[in-house]
Amino acid sequence: MSGRFERLALSLRRSLGKDPARGPGIDALLQRSAPLVARFGAGLDLLAALHGTDKFGAHDYTPVYESLMREARRKPVRLLEIGVGGYASALGGASLRMWASYFRRGRIFGIDAIDKTALSGGRIQVFHCSQVDAPRLGELARAHGPFDFIIDDGSHMNAHQVETFGSLWPHVKDGGVYIVEDVQTSYWPSYGGGMPGTPRYGSSCVSFFKALADSVNECEFLERPGFATEPAIGHIAFHHNMIVLQKDQSKRTSNVPLGNEKVRAALMKPSASK
């Protein structure tokens, strides 16, 4: 549950559209206060409200992010966000500024299909790039990665979410985290999704990552799988409208000697119980 300061900041933000004359001044005041309160340990809920990103309020993403990022807060992290907000009518950049306030030693990178490079400054750098331009993504990732955190808040098209993961997962650090936001589009045909059980859902983002979940236990397989796996996935979690993957490249082994043929043969026998 949000605290009183978070509720106050949200209330002020909601009032901006009601008073166009005072709106820009209130917005500037809220944003200027964010780096200051961050120095005193303000969490992502409050920083999101001050900067005006919908990761808090419209969505409940910041509590998840807080649990993922708290230990890295004072480290010189590298964070890449796909999609910087604002759409075509405004620059956006609220979440980039939130990350810069939270990670005071971090480098924050953003990419957007619309030219938002004017947002670059200080520890924030923005590139004009489509999230499905694999050669350009690879070039940028090699130049500025590997990354501690990658966040896909881009087009929310299912095919784009899957393709972007394929391009950028190799550029996540060992121990780093990859997040896909707004995966409710997996159920919406206009974004390439569909209801569970339908062919459209079979090619959705959620369906893709559910299939990858077995990768966590690949060392327990008795046979070579007939589907794609990603052994570097050490952890995968499904939150409301959000998927989180953590990379773990350490070697995992079964606590059962599966290399022993007799053990393997015994485990391959179907159970007689119904």
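This is a predicted model: local features need pLDDT of at least 70, side-chain atom pairs count only at pLDDT 80 or more; totals for chains, interfaces and linings use all residues.
Let's start with helix α4 (residues 62-69) and helix α5 (residues 94-102), which pack at an angle of about 35 degrees with their axes 13 Å apart. Their crossing is right-handed. On the α4 side, T62, Y65, E66 and M69 take part, and they meet M98, W99 and Y102 of α5. Sorted by class, this contact has 5 nonpolar, 1 polar and 1 charged residues.

## A buried threonine

T53 sits in the loop between α3 (44-51) and α4. With a relative accessibility of 8%, T53 counts as buried. Setting aside neighbours within four places in sequence, its contacts are A48, A94, S95 and M98.

## Salt bridges

The structure has 5 salt bridges. One of them joins the side chains of K55 and D153 (3.3 Å, N to O). This pair ties together distant parts of the chain: K55 is in the loop between α3 and α4, while D153 is in the loop between β4 (147-152) and α7 (158-168), 98 residues apart. Both residues, K55 and D153, are buried. They also belong to a network of salt bridges linking K55, E81, D153 and E181.

Another salt bridge pairs D148 with K173, with the closest N and O atoms 3.3 Å apart. Here strand β4 holds D148 and strand β5 (residues 172-181) holds K173, 25 residues apart. D148 is buried at 17% relative accessible area, whereas K173, at 29%, counts as partly exposed. Within helix α6 (residues 134-144), E139 and R136 are about one helical turn apart because 3 residues separate them, and they form a salt bridge with a closest N to O distance of 3.1 Å.

Notes. Residues are numbered from 1 along each chain as its sequence is written. Side-chain values use heavy atoms; hydrogens and water are left out. Axes are lines fitted to C-alpha atoms, for helices over the stretch in contact, and angles run from 0 to 180 degrees between N-to-C directions. Helices (H or I, at least four residues) and strands (E, at least two) are DSSP runs, numbered from the N terminus. A crossing is left-handed if the near helix is turned anticlockwise from the far one by less than a right angle, and right-handed if clockwise. Contact means heavy atoms within 4.5 Å. Ala, Val, Leu, Ile, Met, Phe, Trp, Tyr, Cys and Pro count as nonpolar, Asp, Glu, Lys and Arg as charged, and the others, Gly among them, as polar. Buried means under 20% relative accessible area, exposed over 50%, partly exposed in between (1.4 Å probe, protein chains only). A salt bridge is a side-chain nitrogen of Lys or Arg within 4 Å of a carboxyl oxygen of Asp or Glu.
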